[in-house]
Amino acid sequence: MTRRGKFALAGGCCLALLLAGCESDMSSNSTFPTSSRGQVYQTGNAPDDTIFGKGGLFGGDEKDLEGGVGSGGGLGVNAYLWRASLDTLSFMPLSSADPFGGVIITDWYSSPDSPNERFKVTVYILDRRLRADGVRVTAFKQNLDAANQWIAVPLAPKVTADLENAILSKARGLRIAREGE
């Protein structure tokens, strides 16, 4: 037998074994698979428990995750903190806003009253819950010198703390307006 014939015979045997292993029960008592979130379950029931617990990776119950009440409603961060951050910084032009990563970056802003100074703010939303430590603000200030060059000026920590407090107050107000407490 030639070498090519041996390979053909071995391939045919492998194919026959594979086809013999494809046996299914087509009797009337077989159960049909059901699907949940695109995954098919052969037992007919989707499992209720996951390795991350009920509610998935981010916790909470299914009502919170589906309805988005206080949890973000499809956002990667808390919806109240996100909306409050955008509302608080609405006077500044936005450079970037990522609702899933929880980062809002403004462009440089100069007040009409003081055109020789400008500000830039970055807001980080760190949690899906409405908490005091769920938001962090970083602010930058620059002044225009005599040679028309922008020079970085340090800001007092009170400025960023005041911005964080304004965002938190606005978020609490939004939550009370929507949920009633």
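Phe140 sits in strand E7 of a predicted model, in which local features need pLDDT of at least 70, side-chain atom pairs count only at pLDDT 80 or more, and totals for chains, interfaces and linings use all residues. Residues are numbered from 1 along each chain as its sequence is written, and side-chain values use heavy atoms, with hydrogens and water left out. Helices (H or I, at least four residues) and strands (E, at least two) are DSSP runs, numbered from the N terminus. Phe140 is partly exposed, because its relative accessible area is 40%. Buried means under 20% relative accessible area, exposed means over 50%, and partly exposed lies in between (1.4 Å probe, protein chains only). Contact means heavy atoms within 4.5 Å. Leaving aside residues up to four places away in sequence, Phe140 touches Trp108, Arg118, Phe119, Lys120, Thr122 and Leu155. Thr160 is 20 residues from Phe140 along the chain, and their C-alpha atoms are separated by 9.5 Å.

Gln142 is also found in strand E7. Gln142 counts as buried because its relative accessibility is 15%. Its contacts, not counting residues up to four places away in sequence, are Trp108, Asn116, Glu117, Arg118, Trp150, Ile151, Ala152 and Val153. Ser110 and Gln142 are 32 residues apart in sequence, and 9.6 Å separates them in space, C-alpha to C-alpha.

Most residues other than glycine have a negative phi. Asn148 has a positive phi of about 55° although it is not a glycine. Asn148 is exposed, since its relative accessible area is 58%.

Thr122 belongs to strand E6. With 6% relative accessibility, Thr122 counts as buried. Thr122 touches Val103, Ile104, Ile105, Arg136, Val137, Thr138 and Phe140, again not counting residues up to four places away in sequence.

Two strands pair if DSSP finds at least two bridges between them. E4 and strand E6 (residues 114–125) pair in the antiparallel sense over three bridges. Within that pairing, Ile104 has Val123 of E6 as its bridge partner. Strand E3 (residues 94–98) and E4 also run antiparallel, joined by four bridges. Ser96 has Ile105 of E4 as its bridge partner, and Asp98 stands opposite Val103 in E4. E3 and E4 form a hairpin, with four residues between them. Gly102, in the turn, has a positive phi of about 75°.

Helix H3 was examined next. Seven of its ten residues are buried, and H3 is mostly covered. The buried residues are Tyr80, Leu81, Trp82, Ala84, Ser85, Leu86 and Thr88. Their cover includes E3, E4, E6, E7 and H4.

Two packed helices are described by the angle between their axes and the distance between the axes. Axes are lines fitted to C-alpha atoms, for helices over the stretch in contact, and angles run from 0 to 180 degrees between N-to-C directions. The axes of helix H3 (residues 79–88) and helix H4 (residues 157–179) come within 8 Å and cross at roughly 125°. H3 is therefore oblique to H4. Angles under 35 degrees count as roughly parallel, over 145 as roughly antiparallel, 65 to 115 as roughly perpendicular and the rest as oblique. The crossing of H3 and H4 is right-handed. A crossing is right-handed if the near helix is turned clockwise from the far one by less than a right angle, and left-handed if anticlockwise. On the H3 side, the contact is made by Tyr80, Leu81, Arg83, Ala84, Ser85, Asp87 and Thr88. On the H4 side, the residues are Leu163, Ala166, Ile167, Leu168, Lys170, Ala171, Leu174, Arg175, Arg178 and Glu179. The residues of this contact divide into nine nonpolar, two polar and six charged. Ala, Val, Leu, Ile, Met, Phe, Trp, Tyr, Cys and Pro count as nonpolar, Asp, Glu, Lys and Arg as charged, and the others, Gly among them, as polar.

The chain as a whole has four helices and eight strands. Along the sequence, they follow the pattern α-β-β-α-α-β-β-β-β-β-β-α. Of its 181 residues, 22% count as buried. Among contacts in the chain with a separation of 6 or more, 40% come from residues 24 or more positions apart.
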